[in-house]
Amino acid sequence: MTKKKFRKESDSMGSMSVPADALYGAQTARAIENFPISKLRFNRAFIKALGIIKFSSAKVNLELNLISKDIGVAIMKASDEVILGKHDSEFVVDIFQTGSGTSTNMNANEVIATLANKFTKGRTKVHPNDHVNLCQSSNDVIPTAMHISTYSLILKTLTPNLKILEKELLKKAAKFNKIFKIGRTHLQDATPITLGQEFRGYASMVAKSIEFVNDASRNLSELAQGGTAVGTGINSHPKFGKKVSTEISKKVGIKFNEAKNHFEAQASKDAIVLTSGALKTLATSLMKIGNDIRWLGSGPRCGFGEISLPAIQPGSSIMPGKVNPVLAESLTQVCAQVIGNDLTISIAGQSGNFELNVMMPVMAHNIIESVEILSNISRVFALDCISGIEVNKKECEGTIEDSLAMCTSLAPLIGYDKAAAVAKKAFKENKTVRQVVNEDKILDKKEADRILDPKTMIKPSL
């Protein structure tokens, strides 16, 4: 076994041993040593956002004549490699670290400085703090990265995938528009509906959640960059915040603006908490849809069996031929995770002590995870489950005539109490409402058939 080689690197606290081939330096190595907490690391979206910030900052600093062209160009070139994901393995700091995310910011600064120094080929020395982090602080870089990564994922992946889900639900709603079935409230028989109406309700839930998430996430377009340590912008050029937001917008392709109030932007993470709340609302809707789909497809012989779900894998290691609603189960598990993530984000959001929130890394990890898993499951559930659903018309329509709730349409003609008596008699004698009405001559048969026609009970009309 080859012995791993190390080199010595120094920071303001002294020297540290760093793997010889690592791009990061002493501060990152110190963080690795200090935070051996979990195996959770910042993901691709967040690392990409850090690269975008460092690229944009170098470009602005170059325009403001705060760094030389050689250094600025080298940092931008190095940052582009980070943006493209060429060095993700170098981002090694645990999520559970300093609450400001300083260790991860320095991880980025050190990696980019090392790469930049390779590009300058010794002509100039690029320093992680003095150059890569110029006009910045971890206290504004990390919240900016949170906003860039989360907002980008919502607009570019989550919203499009939710629209795919909405579209597939609407397709089924149209296809099932004339499939009559019994409605259910309180898990008890209710008056008739169509399966199309049921699916159109699901589609509307998704559409409303898209609105909720998009409305909430618009607040993420404000960036903390330019506030530096405490919101005053100390050690930053007065034009830096506005200029860097403009450059970030160009790089991402989404409009971002400098925060209206840098003290709020760094002490509070309300925009993240609000967005997470909207994601939780989405999760609750999707969980309801997933559970309904599981129930409607239950069986195939001893459940409701009103719909058939696509069979995508064997359902049991012991029961041959069993097929389970695995994608609906995957969906509900995702929803449970998102709801749990929201609680963590809420607790973290209230941990803004004076001028800085000190639970930003776990907030960033949780909200990005929520967006990504909701996005992935929405697409998979839409294309591999909803799109393949077939209706069992016989099962849907076979239970309507037996429902005691059919007596509801009698109430306007004979009164609530008499209609209730019909239902009770039908139940006691194991007859349908129609049979009791005809046998007891409560209505003329022709009138009874008209009143007890399921089509007349469904509004809006087909």
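Trainee: Where is P300 found?

Mentor: P300 is found in the loop between α10, residues 270–296, and β7. Keep in mind that this is a predicted model.

Trainee: OK, noted. What kind of peptide bond joins G299 and P300?

Mentor: A cis one, with omega at about 10°. G299 turns up again at the largest pocket, where this residue is among those nearest the centre.

Trainee: Let's go there, then. How much space lies in the largest pocket?

Mentor: About 450 Å³. The lining has 22 residues, and G297, G299, V323, N324 and P325 lie nearest the pocket's centre.

Trainee: Which elements give two or more residues to that lining?

Mentor: β7, at 307–308, and α11, at 326–349. The largest share comes from α11, with 3 residues.

Trainee: And how do the residues of the pocket lining divide into nonpolar, polar and charged?

Mentor: For the largest pocket you get 11 nonpolar, 8 polar and 3 charged.

Trainee: What lines the largest cavity?

Mentor: F42, F46, I47, L50, F91, V92, V93, T104 and N107. Sorted by type, that lining has 7 nonpolar residues, 2 polar and no charged.

Trainee: Which helices supply at least two residues each there?

Mentor: α2, residues 44–63, and α4, residues 102–120. The largest share of the cavity lining, 3 residues, is from α2.

Trainee: Tell me about α2. How far does it reach from its first C-alpha to its last?

Mentor: The reach is 29 Å over 20 residues, close to the 28 Å expected at 1.5 Å a residue.

Trainee: Why is α2 described as largely enclosed by the rest of the structure?

Mentor: Because 15 of its 20 residues are buried. Just after α2, N65 takes a positive phi of about 60°.

Trainee: Where else is there a positive phi in a residue other than glycine? I'm looking at N235 and F354.

Mentor: Phi of N235 is near 65°, and phi of F354 is near 60°. N235 sits in the loop between β5 (222–223) and α8 (240–252), while F354 is in the loop between β8 (352–353) and β9 (356–357).

Trainee: Is N235 buried or exposed? And F354, buried or exposed?

Mentor: N235 counts as exposed because its relative accessibility is 70%. F354 is exposed too, with a relative accessible area of 74%. The cut-off for exposed is over 50%.

Trainee: Now the inside. How many residues does the largest nonpolar core have?

Mentor: That core has 106 residues, and those with the most contacts inside it are F46, L158, F199, I248, L286, I293 and F381. Helix α6, residues 138–175, gives the most to this core, with 13 residues. F46 also lines the largest cavity.

Trainee: What is F381 in contact with, leaving aside its neighbours within four places in sequence?

Mentor: L165, I289, G290, I293, L327, A328, L331 and I386. One of these, I293, is also on the list of residues with the most contacts inside the core.

Trainee: What about a second, separate core? How many residues are in that one?

Mentor: The second core has 19 residues, including M406, L410, A419 and V433. As background, nonpolar side chains tend to be buried together in soluble globular proteins.

Conventions
Residues are numbered from 1 along each chain as its sequence is written. This is a predicted model: local features need pLDDT of at least 70, side-chain atom pairs count only at pLDDT 80 or more; totals for chains, interfaces and linings use all residues. Side-chain values use heavy atoms; hydrogens and water are left out. On a 1 Å grid over the protein atoms alone, a cavity is a set of points where a 1.4 Å probe fits but cannot get out, and a pocket is an open set with protein on both sides within 12 Å along at least five of seven lines; lining residues have an atom within 4 Å of a point. Grid points are joined across faces, edges and corners, and a volume is the space filled by probe spheres set on the points. Helices (H or I, at least four residues) and strands (E, at least two) are DSSP runs, numbered from the N terminus. Ala, Val, Leu, Ile, Met, Phe, Trp, Tyr, Cys and Pro count as nonpolar, Asp, Glu, Lys and Arg as charged, and the others, Gly among them, as polar. A nonpolar core is a set of buried Ala, Val, Leu, Ile, Met, Phe, Trp, Tyr and Cys residues joined through side-chain atoms within 4.5 Å. Buried means under 20% relative accessible area, exposed over 50%, partly exposed in between (1.4 Å probe, protein chains only). Contact means heavy atoms within 4.5 Å. The expected span of a helix is 1.5 Å times one less than its number of residues.
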